Amino acid sequence: MRSSPPPLLPILRSRVQGEILAQTYLHPDDEYSITDLARLVDASTKAVQQEVDRLVRNGYLLDRKLGTLRLVRAAPDTPIVRPLTDLLAVTYGPLPVVTKLLVGVGGIRRAFIYGSWAARYHGEPGPVPVDVDVLVVGEADVDELDHAAAQAERVLRREVNVRRVRPEVWSAGEDPFLRTVRERPLVELTLGDAPAPHPKEST
């Protein structure tokens, strides 16, 4: 059965396609194996393989062999690059961009995107979110989090709000704001075991 178009960008075939394009186009200097992409977009390797085949065949991605690995990356220097990158930044961009920026920040135990973007990601219909709300659980330095948020804002071209809570407060579940956050859609970021991208081959 064919899945419904994703609310974040209904012109795409699926959420997996949107996330693959966002991961590659918003990190144009990185290459990814099929296995890494599958982990990053939380999909099966078969589903990712099928979408990559389609995107390579139509010129949106480039691929190359490195031993037994098949590495893929965004196709550069095509008329679609800039408009597609802009479109992906405001739709699927928050997950790969915020994840990559928070991977390097120490003291984070868990991190989530919540609010309207998380709701769209989980299929709730509505307009494109005007900001991105991020909840960090841990003892991360607030200045580092603010710096990461500022970097994310430059890429995503909209406000990124990062809120830190202590692990004991998150675990207690008594804070009214956190109770509301928990009751609404959440997208947890994969930080600790995020695969490192492969360096792009020089051209």
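**View 1. The chain as a whole.** The predicted model contains 9 helices and 8 strands. Of the 203 residues of the chain, 44% count as buried. Among the contacts in the chain with a separation of 6 or more, 71% are accounted for by residues 24 or more positions apart.

**View 2. Helix 4 and the elements that cover it.** Helix 4 spans residues 81-90, and its buried residues are Leu84, Thr85, Leu88 and Ala89. Seen down the axis of helix 4, these buried residues fall within an arc of 140 degrees, so they line one face of the helix. In general, an α-helix has 3.6 residues a turn, so residues three or four places apart point the same way. What covers the buried residues of helix 4 includes helix 1 (15-25), helix 5 (94-103) and helix 7 (142-156).

**View 3. The surroundings of threonine 85.** Threonine 85 has a relative accessible area of 18% and is therefore buried, the cut-off being under 20%. A polar atom of the threonine 85 side chain lies 2.6 Å from the backbone oxygen of valine 81. When residues up to four places away in sequence are not counted, threonine 85 touches Tyr25, Leu26 and Ile80.

**View 4. The nonpolar cores.** The largest nonpolar core has 48 residues, of which Ile20, Val48, Leu102 and Ile108 touch the most other members. Isoleucine 20, again not counting residues up to four places away in sequence, touches Leu37, Val41, Val48, Glu51, Val52, Leu55 and Leu61. In soluble globular proteins, nonpolar side chains tend to be buried together.

**View 5. Arginines over aromatic rings.** The charged end of arginine 163 sits over the ring of phenylalanine 177, at a distance of 3.9 Å from the ring centre. As for pairs between aromatic rings, a search of the whole structure finds 3.

**View 6. Aspartate 53 in helix 3.** Aspartate 53 is found in helix 3, which covers residues 45-57. With 30% relative accessibility, aspartate 53 counts as partly exposed. The C-alpha atom of aspartate 53 is separated by 9.4 Å from that of aspartate 63, a residue 10 residues apart from it along the chain.

**View 7. Two loop residues with positive phi.** Aspartate 77 is placed in the loop between strand 3 (69-74) and helix 4, and it has a positive phi of about 60 degrees although it is not a glycine. At 80% relative accessibility aspartate 77 counts as exposed, because the cut-off for that class is over 50%. Arginine 157 is placed in the loop between helix 7 and strand 6 (159-165), and for arginine 157, which is not a glycine, phi is likewise positive at about 60 degrees. Arginine 157 counts as exposed, with a relative accessibility of 58%.

Definitions and conventions
Residues numbered from 1 in each chain as written. Predicted model: local features only at pLDDT ≥ 70, side-chain atom pairs only at ≥ 80, totals over all residues. Heavy atoms only, no water. Core = buried A, V, L, I, M, F, W, Y, C linked by side-chain atoms within 4.5 Å. Buried < 20%, exposed > 50% of the residue type's maximum accessible area, 1.4 Å probe, protein only. Contact = heavy atoms within 4.5 Å. Helix = DSSP H or I, 4+ residues; strand = E, 2+ residues; numbered from the N terminus. Arc of directions from axis to C-beta. Phe/Tyr/Trp six-rings, centres within 6.5 Å; stacked < 30°, edge-to-face > 60°. Lys NZ or Arg CZ within 6 Å of the ring centre and 35° of its normal. Polar contact = N/O pair within 3.5 Å; in protein donor to acceptor, adjacent residues only side chain to side chain.
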